[in-house]
Amino acid sequence: KEGDWADDNSITVVPLLPPVVIPGTGAGMTDMQWGDVWIRVTDGEAVVLDAYVTITADLDIGVSGDERLATSVGSVTTYTDALVGSPSLAEEIAAALIDQARAPMAEVAIPRMTTYTMDGITPGIEPGFVTYSGSLLPR
């Protein structure tokens with residue numbers, strides 16, 4: 001139907017597994033893996049897309065100037081199993097999901113101490129943990 005696509009269509013996204021951060025396997029310090037994600041697009045009556053998508057993205061962790069751990073998402077790889085419809089539509093929706101996930105992960109405040117500050121903060125990865133180290137200086 002021309003012109004009223006948004007009124008008659010729906011997109012359903014169900015994350016079957018939560019996003020996780022694991023040690024890096026590519027260019028990033030860590031990888032974010034998200035999947036499987038079930039995506040269904042309907043045109044009001046018929047199923048246009050029915051797909052399962054797994055998303056993997058390079059995730060780097062650095063330190064911003066105001067004592068925050070800052071993340072940046074690098075290259076994104078999607079694996080799509082489209083049961084009905086176009087895999088490229090599923091990948092386009094997956095890219096939009098990554099864009100939505102970037103904002104809440106952008107920065108995480110490092111806990112502040114009232115009598116000390118940290119200098120030369122360096123992030124790291126230990127099995128199951130993101131770490132940071134630096135020099136403690138009196139405020």
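This is a predicted model: local features need pLDDT of at least 70, side-chain atom pairs count only at pLDDT 80 or more; totals for chains, interfaces and linings use all residues.

User: Is Gly134 buried, exposed or in between?
Analyst: Gly134 is partly exposed, with a relative accessible area of 39%. Residues are numbered from 1 along each chain as its sequence is written, and side-chain values use heavy atoms, with hydrogens and water left out.

User: Which strand is Gly134 in?
Analyst: Gly134 belongs to strand S8, residues 129-138. Strands (E, at least two residues) and helices (H or I, at least four) are DSSP runs numbered from the N terminus.

User: And what does Gly134 touch?
Analyst: Setting aside neighbours within four places in sequence, Gly134 contacts Met118, Asp119, Gly120 and Ile121. Contact here means heavy atoms within 4.5 Å.

User: How do S7 and S8 run, parallel or antiparallel?
Analyst: Antiparallel, with nine bridges joining S7 (residues 116-126) to S8. Two strands count as paired if DSSP finds at least two bridges between them. Asp119 has Ser135 in S8 as its bridge partner.

User: What's going on at the turn, with Gly128?
Analyst: The S7 and S8 hairpin has two residues between the strands, and Gly128 takes a positive phi near 85° there.

User: Switching topic. Which salt bridge does Asp50 form?
Analyst: Asp50 pairs with Arg40, and their closest N and O atoms are 2.8 Å apart. The rule is a side-chain nitrogen of Lys or Arg within 4 Å of a carboxyl oxygen of Asp or Glu. By that rule the count comes to one salt bridge.

User: Are the two partners buried or exposed?
Analyst: Asp50 counts as buried because its relative accessible area is 11%. Arg40 is partly exposed at 28%.

User: What else does the Asp50 side chain do?
Analyst: The side chain makes a polar contact with the side chain of Trp38, at 2.6 Å. A polar contact is a pair of N or O atoms within 3.5 Å; within protein, one must be able to donate a hydrogen and the other to accept it, and residues adjacent in sequence count only if both atoms are side-chain atoms. Not counting residues up to four places away in sequence, Asp50 also touches others, including Asp81, Leu83 and Val84.

User: Back to S3. What does it pair with?
Analyst: Strand S2 (residues 20-23) pairs with S3 in the antiparallel sense over four bridges. Val21 stands opposite Met32 in S3, and the two strands form a hairpin with six residues between them.

User: Last one: where is Met105, and what does it contact?
Analyst: Met105 is in helix H2, residues 87-105. Leaving aside neighbours within four places in sequence, it is in contact with Met32, Leu59, Thr71 and Val73. Met105 is partly exposed, at 22% relative accessible area. Trp34 is 71 residues away from Met105 in sequence and 14 Å away in space, C-alpha to C-alpha.

Technical notes
Buried means under 20% relative accessible area, exposed over 50%, partly exposed in between (1.4 Å probe, protein chains only).
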